Amino acid sequence: MDTRVKYSTPGLSAEARDKLRPGIAPLTGVGATVKQLTALAVMLVPFAGFLLALQRVIAGTFSTTDVVLFAVMYFLHMGGITMGFHRYLAHKTFNTSRFFEGLLLICGSMAAQGPIMFWVTTHRRHHTYSDQPGDPHSPNLYGKSLGAKIKGLWYAHMPWMLAKDISGWNFFAPDILANRKLFFYHRSYALWIVLGLVIPAVIGGLVGGSLSAAFNGFLFGGLARIFLANQAAWCVGSVSHMIGSKAFKTDDKSANNWTVAILTMGEGLQNNHHAFPGSYRHGIKWWEPDLSGWILTALGALGVVWDLRFPDEKTIRKLSLDRS
Ligand SMILES: [Zn+2]
Ligand SMILES: [Zn+2]
């Protein structure tokens, strides 16, 4: 059996998949091993840190500083992913200065969800083949039974990162590949992850005045934050493609899930997003929980970001499933 394709395209041989799904190449040898070890590290190391933080919460040996560090770093982590990696880089829904671009991409890199070339190519591939063979993380490719749905949800949540394939850089992200200033953030990715761990450790240590306070800062603002924020973020690809409401006509199973949207600063409104991927807001109605959209609107008024793209009334009505 050819196991090279078993994760991303169930039932298809590598050859068949390559023919059907341009932009995806099988990964073998050292490349596949490096990808899988990196993915395992991203899944397991923050989990270990989370368990240690949990132990401190249960024992009551944590401080207000740890809670604040967790909250602030969670906000920067999620904001960097949603506003920086996703709405700015992958979809180009607004424009901004080099300074603010750098701030967004550094914060996004701290999330340890992969360097920008991995993130953007994976994400554009997700839109290209949404809930079809070739989608890197669809929960809907395994069948209709409850067991198949649970298997799909689990696969789309984390094991998809172990798939022995690669999304083509030239195919999915030639714009970033050709932009040396943007590519800098790809090459310096590891540095920003380390910074995202060191900053809360240093602040925790300075405020608490001890090494154990610094270690708590590292755990709460660093590893536990990465673990919990990424669990929420990965629900966007798993839960929000299966559970939730549909407001717009799309060719996939994307759904608006408010719980995921609240935890991910708006990303859980997947149905809105797949209907209007070029919109800087995922909340089409102003009251839909889209913190990133609200922040970008405010930043637009302040002149920090500009050229914010949003669909007009006619476009919205055309795809709307609400015929009232
Ligand atoms: Zn999606
Ligand atoms: Zn998207």
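## Aromatic pairs

The structure holds 16 aromatic pairs. One of them joins Phe 47 and Phe 50, whose ring centres lie 6.4 Å apart with the planes at 20°, so this pair is stacked. The cut-off behind that label is an angle between the planes of under 30 degrees. The model is a predicted one, and the distances and angles in this report are computed from it.

Phe 47 and Phe 50 both belong to helix H2, and because they are three residues apart there, about one helical turn separates them. The two residues fall into separate accessibility classes. Phe 47 has 34% relative accessibility and therefore counts as partly exposed. Phe 50 has 18% and therefore counts as buried, the limit for that class being under 20%. Phe 227 also takes part: ring pairs link Phe 47, Phe 50 and Phe 227 into a cluster.

## A charge over a ring

A contact between a charged side chain and a ring is found at Phe 310. Arg 281 lies over the face of this ring, at 4.2 Å from the ring centre.

## The largest pocket

The largest pocket holds about 530 Å³ of space. Its lining consists of 27 residues, and those nearest the centre are Lys 35, Thr 38, Gly 114, Pro 115 and Phe 118. By class, the lining has 15 nonpolar, nine polar and three charged residues.

At least two lining residues come from each of helix H2 (29-59), helix H5 (116-128) and strand E3 (165-167). H2 gives the largest share, six residues.

About 280 Å³ of space lies in the second largest pocket. It is lined by 16 residues, with Ala 247, Phe 248, Lys 285, Ile 316 and Ser 320 closest to its centre. Helix H15 (residues 313-319) supplies the largest share of this lining, three residues. The lining comprises seven nonpolar, three polar and six charged residues.

Most residues other than glycine have a negative phi. Met 265 is not a glycine, yet its phi is positive, at about 60°. This residue is found in the loop between helix H12 (258-263) and helix H13 (270-275). With 5% relative accessibility, Met 265 counts as buried.

Asp 307 is likewise not a glycine and has a positive phi, of about 55°. Asp 307 lies in the loop between strand E4 (305-306) and H15, the helix that contributes three residues to the lining of the second largest pocket. At 53% relative accessibility, Asp 307 counts as exposed, whereas Met 265 is buried.

Terms used:
Residues numbered from 1 in each chain as written. Chains lettered and ligands numbered in written order. Predicted model: local features only at pLDDT ≥ 70, side-chain atom pairs only at ≥ 80, totals over all residues. Heavy atoms only, no water. 1 Å grid on protein atoms, 1.4 Å probe; cavity = no way out; pocket = protein on both sides within 12 Å on 5 of 7 lines; lining within 4 Å. Points joined across faces, edges and corners; volume = space filled by probe spheres on them. Helix = DSSP H or I, 4+ residues; strand = E, 2+ residues; numbered from the N terminus. Nonpolar A, V, L, I, M, F, W, Y, C, P; charged D, E, K, R; others polar. Phe/Tyr/Trp six-rings, centres within 6.5 Å; stacked < 30°, edge-to-face > 60°. Buried < 20%, exposed > 50% of the residue type's maximum accessible area, 1.4 Å probe, protein only. Lys NZ or Arg CZ within 6 Å of the ring centre and 35° of its normal.
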